Amino acid sequence: MTYRAPKGTDDILPPQSAEWLMAERAFLDLAERFGYGLVLTPLFESTDLFSRGIGEDTEVVEKQMYTFEDKGGRSLTLRPEATASVVRAVVQAGGVVGTFKGFYWGPMFRYERPQKGRRRQFSQAGIEYLGEASPDADVEVIEFGYRYLENLGVNDVEVQLNSIGDGTDRSDYRDELIAFLEARKDALSEDAVRRIHQNPLRVLDSKADAEVVAGAPTPVDHLSDDAAEHFAAVRAGLDAADIPYRINPTLVRGLDYYNRTVWEYVPLGFEAAQSSVGGGGRYDDLFEMIGGRPTPSVGLAMGLDRILLARDRAATAPALDAFVIIADPERSADARALVRTLRTRGFRTDAVAGDRSVKAQFKAADRANAAHALLVGEEWDGGRVMARDLATGDQQPIAVEEIDTWLKR
């Protein structure tokens, strides 16, 4: 019998996995520079956490969660997103004192029809800024995601921005939207009709009903004075940070815990089942929804699978700094000693095991995506190696004691 990975999941092997390491390191570096600390939560949680936090009538909860009963009769769910888990962990630890800035990285699970950029197990990285009501926090989180994409070589990114106001602001708007949808009920999908009275904002987020709701009243036109002032301050902050954005008045995101600012990152040249590579929003009510104290909060999640599909392939960095080529079998021990020395000095270095031809060793260096080759041959007796830039083919002899400098240039 031949086994394969479950449908909608992927095996990531070298050299492809080097991109994932690069993306993870870039995220960790940026998170630390912005002052965020690592948060680790379980891969599964009580099902009720997600149904309460995300919303029982959202597509995620209704159709996409991997839910099971454990041997103790408890209903558990593989996490479909991480924000609810992070908030649960902070509430369990006693809540937020002042502000709390955390980041996470890991797999999420949703039962969806597998497509390009939409998998049943997918990886997300995100940040959560807890305890801060100021629009400055929204701006910081939005900028973080934009800079991350910029650092990874994801070009021509548009930030699509909206405000959906607060729950108390939306009473009159909700009535107006319901009336609009009721008048067009016959043209709406079955899911949209069911949500007209349960959660009409979800209909604005429906791709299947986009044409029908194109002229619908929008949340941004029905903001309270406070919410409108907050949104204006967010836009001013993004202008000051030189972050390009476009107001998308029908953007509401797919999870019920959001309020006020919501956004998505859309690379304009990327085509997939889902063009957004990340997004986020403010969720000031989520702490109370799951039993915590009122805590204003904002966060984002970045879809790593989609980001790696969307990034400029030319931006891929070499996986190895150097590949040592044994040009003379009699100097094999010297070559392997050089590999050990370079590794102890912090260089990513490798060589083939056993006896291989020079041609086969160069092929191995190419497969390993090495930046440079260091040939240990007859020059070794004179204290030198032949160094080759594998991208350009340029080759020159360098002294062994100058290898460090040459690799760092």
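Tutor: A definition comes first: two strands pair if DSSP finds at least two bridges between them. Please also keep in mind that this is a predicted model.

Student: Which residue is the bridge partner of Leu 375 in β15?

Tutor: Leu 375 has Met 386 as its bridge partner there. The strands involved are β14 and β15 (residues 384-389), which run antiparallel and are joined by four bridges.

Student: And how many bridges join β12 to β14?

Tutor: Six bridges join them, and β12 and β14 run parallel. One of the pairs sets Ile 326 against its bridge partner in β14, Val 376.

Student: How many residues of β14 are buried?

Tutor: Seven of the seven residues of β14 (residues 370-376) are buried, so the strand is largely enclosed by the rest of the structure.

Student: What lies in the loop between β12 and α12?

Tutor: Asp 328 has its place in that loop, between β12 (320-326) and α12 (332-344). Leaving aside neighbours within four places in sequence, Asp 328 is in contact with Val 376 and Gly 377.

Student: Is Asp 328 buried or exposed?

Tutor: Its relative accessible area is 18%, and buried means under 20%, so Asp 328 counts as buried. The side chain of Asp 328 meets that of Arg 331 in a salt bridge, at 2.1 Å from N to O. Arg 331 is also buried, with a relative accessible area of 12%.

Student: How many salt bridges does a search of the whole structure find?

Tutor: The search finds 19 salt bridges. In general, side chains of opposite charge can pair when their charged atoms come close.

Student: Which residues are linked in a network?

Tutor: Asp 138, Arg 282 and Asp 284 are linked in a network of salt bridges. Between Arg 282 and Asp 284 the closest N and O atoms are 2.8 Å apart. Arg 282 is buried at 0% relative accessibility, and Asp 284 is buried at 18%.

Student: Where in the chain are Lys 101 and Glu 140?

Tutor: Lys 101 is in strand β5 (residues 100-109) and Glu 140 is in helix α5 (residues 135-151), so the pair links distant parts of the chain, 39 residues apart. Their side chains meet in a salt bridge of 2.9 Å, N to O. Lys 101 is partly exposed, with a relative accessible area of 22%.

Student: Changing topic: how many residues has the largest nonpolar core?

Tutor: That core has 42 residues, and those with the most contacts inside it include Leu 181, Leu 204, Val 213 and Tyr 257. Helix α6 (residues 171-182) gives the most to this core, with five residues. Apart from this core lies another, of 41 residues, including Ala 137 and Phe 231.

Student: What does Val 213 touch?

Tutor: Not counting residues up to four places away in sequence, Val 213 touches Phe 180, Leu 181, Leu 188, Val 203 and Leu 204.

Student: Back to sheets. What is the order of the three strands in the open sheet?

Tutor: The order is β2-β4-β3, with antiparallel pairing. β2 (44-46) and β3 (67-69) stand at the edges with a single partner strand each, so one side of each is left without a neighbour in the sheet. Neighbouring strands of this sheet are turned by 35 degrees against each other on average, direction ignored.

Student: Which residue in β4 stands opposite Ser 46?

Tutor: Leu 76 stands opposite Ser 46. β2 and β4 (residues 75-78) pair over three bridges.

Technical notes
Residues are numbered from 1 along each chain as its sequence is written. This is a predicted model: local features need pLDDT of at least 70, side-chain atom pairs count only at pLDDT 80 or more; totals for chains, interfaces and linings use all residues. Side-chain values use heavy atoms; hydrogens and water are left out. Helices (H or I, at least four residues) and strands (E, at least two) are DSSP runs, numbered from the N terminus. Axes are lines fitted to C-alpha atoms, for helices over the stretch in contact, and angles run from 0 to 180 degrees between N-to-C directions. A nonpolar core is a set of buried Ala, Val, Leu, Ile, Met, Phe, Trp, Tyr and Cys residues joined through side-chain atoms within 4.5 Å. Buried means under 20% relative accessible area, exposed over 50%, partly exposed in between (1.4 Å probe, protein chains only). Contact means heavy atoms within 4.5 Å. A salt bridge is a side-chain nitrogen of Lys or Arg within 4 Å of a carboxyl oxygen of Asp or Glu.
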